[in-house]
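Hi,

Here is the structure I promised to pass on. Have a look at it first, and then read on for what turned up.

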Amino acid sequence: MAHEQTLILIKPDAFKRKLVGKILQRFEEKGFDIRQLKTYDFSNEKAQEFYSVHKTKPFFNELVSFIGSGTVVACILEGNNAISTVRIMIGLTKSFDASPGTIRGDFGLGITDNIIHASDSHESFIKESSVVFS
Ligand code: CMP
């Protein structure tokens with residue numbers, strides 16, 4: 001068990017639907033501390049940098065366009081096993097497959113528009129937080 005930090009992005013679909021408070025509440029109730037929090041508007045360049053690991057994927061352009069389509073909320077959370085526990089709380093990537101009780105499972109049905117992103121490793125956290133919080 002490691003005390004660690006992770007980054008989440010509440011995506012434009014969730015921001016537009018005014019789900020920010022409900023989503024952050026889940027992480028606070030679970031016991032995570034909010035260490036950094038801000039609204040953020042991705043430029044095309046920053047979006048490509050953030051998702052560079054996916055640049056060869058067929059959905060890359062759609063993903064970059066979507067994340068830049070509106071305001072997101074970026075947040076650094078801290079607590080025990082933050083990276084894996086937050087990933088469990090958000091649920092599977094395809095929201096229609098995500099279990100009820102997870103954030104994607106409770107709030108969406110999309111794939112690109114899947115409510116929330118969370119870092120999948122410490123290396124991703126360092127890279128992603130440097131893009132958004134630099
Ligand atoms: P996210 O956790 O932000 O990481 C990469 C994103 O790519 C993922 O959530 C989805 O929003 C998006 N994406 C779009 N199409 C796909 C796909 N076919 N498989 C996986 N991810 C996809």
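For what follows, a salt bridge is a side-chain nitrogen of Lys or Arg within 4 Å of a carboxyl oxygen of Asp or Glu, and buried means under 20% relative accessible area. Do keep in mind that this is a predicted model.

D13 is buried and yet has no salt bridge. The nearest side chain of opposite charge belongs to R17, 5.4 Å away, and a salt bridge has to be within 4 Å. Leaving aside residues up to four places away in sequence, D13 touches F66, D113, N114 and I115.

You will find K11 in the loop between β1 (3-10) and α1 (12-16). K11 is also buried without a salt bridge, and here the nearest side chain of opposite charge is D13, 6.8 Å off. Beyond four places in sequence, the contacts of K11 include Y51, F66, I67, T71, V72, N114 and H117.

Two of those contacts, F66 and I67, bring us to helix α4 (residues 60-67), where F60, L63, V64, F66 and I67 are buried. Seen down the axis of α4, these buried residues fall within an arc of 165°, so they line one face of the helix. Among the elements that cover them are β1, α1, α3 (44-50) and β3 (72-80).

Now for the nonpolar cores. The largest one has 21 residues, and I8, I23 and F27 are the members that touch the most others. Each of β1, α2 (20-30), β3, α5 (82-90), α6 (103-107) and β4 (116-118) supplies at least two residues of this core. Another core, of 17 residues, lies apart from it and includes A47, Y51, I76 and V132. As for F27, its contacts beyond four places in sequence are I8, F32, L77, V86, M89, I90, I103 and I116.

Helix α2 deserves a look of its own. Its buried residues include V20, I23, L24 and F27. They cover an arc of only 95° around the axis, which puts them on the same side of α2. The face turned away from that buried side carries K22 and E29, both exposed. After α2 comes G31, with a positive phi near 120°.

So which charged side chains do pair up? A search of the whole structure finds 3 salt bridges.

- D106 and R26 meet at 2.8 Å, N to O. D106 lies in helix α6 and R26 in helix α2, so the pair ties together parts that are 80 residues apart in sequence. D106 is partly exposed, with a relative accessible area of 35%, and R26 is partly exposed too, at 24%.
- R35 and D33 have their closest N and O atoms 3.5 Å apart. R35 is partly exposed at 45% relative accessible area, and D33 is partly exposed at 35%.
- E78 and R35 have their closest N and O atoms 3.1 Å apart. With E78 in strand β3 and R35 in strand β2 (residues 33-40), this pair ties together parts that are 43 residues apart in sequence. E78 is buried, with a relative accessible area of 14%.

Through shared partners, salt bridges join D33, R35 and E78 into one network.

Cheers

Definitions and conventions:
Residues are numbered from 1 along each chain as its sequence is written. This is a predicted model: local features need pLDDT of at least 70, side-chain atom pairs count only at pLDDT 80 or more; totals for chains, interfaces and linings use all residues. Side-chain values use heavy atoms; hydrogens and water are left out. Helices (H or I, at least four residues) and strands (E, at least two) are DSSP runs, numbered from the N terminus. Buried means under 20% relative accessible area, exposed over 50%, partly exposed in between (1.4 Å probe, protein chains only). Lys and Arg count as positive and Asp and Glu as negative; His and the chain ends are not counted. Contact means heavy atoms within 4.5 Å. The arc is that of the directions from the helix axis to the C-beta atoms. A nonpolar core is a set of buried Ala, Val, Leu, Ile, Met, Phe, Trp, Tyr and Cys residues joined through side-chain atoms within 4.5 Å.
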